[in-house]
Amino acid sequence: MKRRLAIPLTHPRYESLRLREMLVEQYETGVVATAGLIAHGRGEAFDYLLGETLIPPAMSAIKMAAASIVIAEHPVISVNGNLAALAAREVAELSRVADMDVEVNLFYRSQDRELAIKQVLGEAGVKRILGVGNDASKQIPELGSERRRVDPRGILSADLVLVPLEDGDRTEALRRMGKKVIAVDLNPLSRTSVSASISIVGNIVLVMPTLIDEVKAIEQSPREKLNAMVDRFDNRKNLEECIRLIAHRLLDLRLQDQKLPKYLEAAD
Ligand code: ATP
Ligand code: MG
């Protein structure tokens, strides 16, 4: 696909601008919804507070997520427009490495968007894509939005669902159905983070490669060991650590220590 705007490699916020550009490009192809752009902005704000890195509690949550995926009977990755735009190749790799089904599930469902996402996933190497068109023939109870429609071969029969960039209502509905829910969400205060079984507070573009590596590292571990590890995990406590870390970071931040642009140094 053609780049809309060439970002100079030397730009101090190159990576952030690159992600924005990926989203805008995929917005124009119909993969990303308008509200998806707003959700990304909300995520960026939290990423600043986290220092745009994978914080230690996120690393612990990733280890738990990997163990849970390895011991699950039928783990499924739920894909929306933002995930397809930012990490389609990683979705393909994780589904291969961890033997996970991949299902398209959208808040703003339209046939065009489903097909656009299916195409992006297919090009990234996902072989079997569930949840498109009439395949999403069943419903998650007590859920109002279009997200209630699910594929009986995927999310409906899953025991574990990985839900990156998810909405709170749906996370709660999946939990009520008895499923283990792993969220990836930069906001540790969102309803999604609070109601998921395991919440990974970090940017999806950093989380996915690390999660893939972690699955590879532990897939041969004895199941009893993984089970014991997962049973000990306390998600609320982990989220509190994330929030404490943000608070400490803000209190410790000395703007004096930050490098000023040259023209401001001169003005001082
Ligand atoms: P909730 O419904 O859980 O209370 P919300 O309504 O604020 O949260 P949604 O739009 O439903 O938010 O979900 C999108 C979530 O995805 C937001 O919490 C946002 O911080 C997060 N998010 C956006 N971009 C990323 C990203 N690149 N990586 C991880 N999380 C992200
Ligand atoms: Mg929401």
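Helices, numbered from the N terminus, are DSSP runs of H or I with at least four residues. The model shown in these close-up views is predicted.

View 1. Helix H6, which spans residues 168-176, is followed by Gly178, a residue whose phi is positive, near 85°. The buried residues of H6 are Gly168, Arg170, Thr171, Ala173 and Leu174.

**View 2. The N-terminal cap of helix H6.** Asp167 caps the N-terminal end of H6, with a side-chain oxygen that lies 3.3 Å from the backbone nitrogen of Asp169. Asp167 also belongs, together with Gly168, to the closest residues around ligand 1.

**View 3. Polar contacts of ligand 1.** An oxygen atom of ligand 1 is 2.7 Å from an N or O atom in the side chain of Arg42, while a nitrogen atom of the ligand is 3.0 Å from an N or O atom in the side chain of Asn203. A polar backbone atom of Ile204 likewise lies 3.0 Å from a nitrogen atom of ligand 1. Of the 630 Å² of accessible area that ligand 1 has on its own, the protein covers 87%.

**View 4. Ligand 1 in the largest pocket.** Ligand 1 sits in the largest pocket, and the elements that give two or more residues to the shell around it are helix H2 (34-50) and H7. H2 gives the most to this shell, with four residues. In total, 18 residues surround ligand 1, the closest being Arg42, Asp167, Gly168, Asp185 and Thr192.

Note on methods
Residues numbered from 1 in each chain as written. Chains lettered and ligands numbered in written order. Predicted model: local features only at pLDDT ≥ 70, side-chain atom pairs only at ≥ 80, totals over all residues. Heavy atoms only, no water. Buried < 20%, exposed > 50% of the residue type's maximum accessible area, 1.4 Å probe, protein only. Polar contact = N/O pair within 3.5 Å; in protein donor to acceptor, adjacent residues only side chain to side chain. Near = heavy atom within 4 Å. Areas by Shrake-Rupley, 256 points an atom, 1.4 Å probe, with all protein chains shown as cover. 1 Å grid on protein atoms, 1.4 Å probe; cavity = no way out; pocket = protein on both sides within 12 Å on 5 of 7 lines; lining within 4 Å. Sits in = over half its atoms within 2 Å of the grid points.
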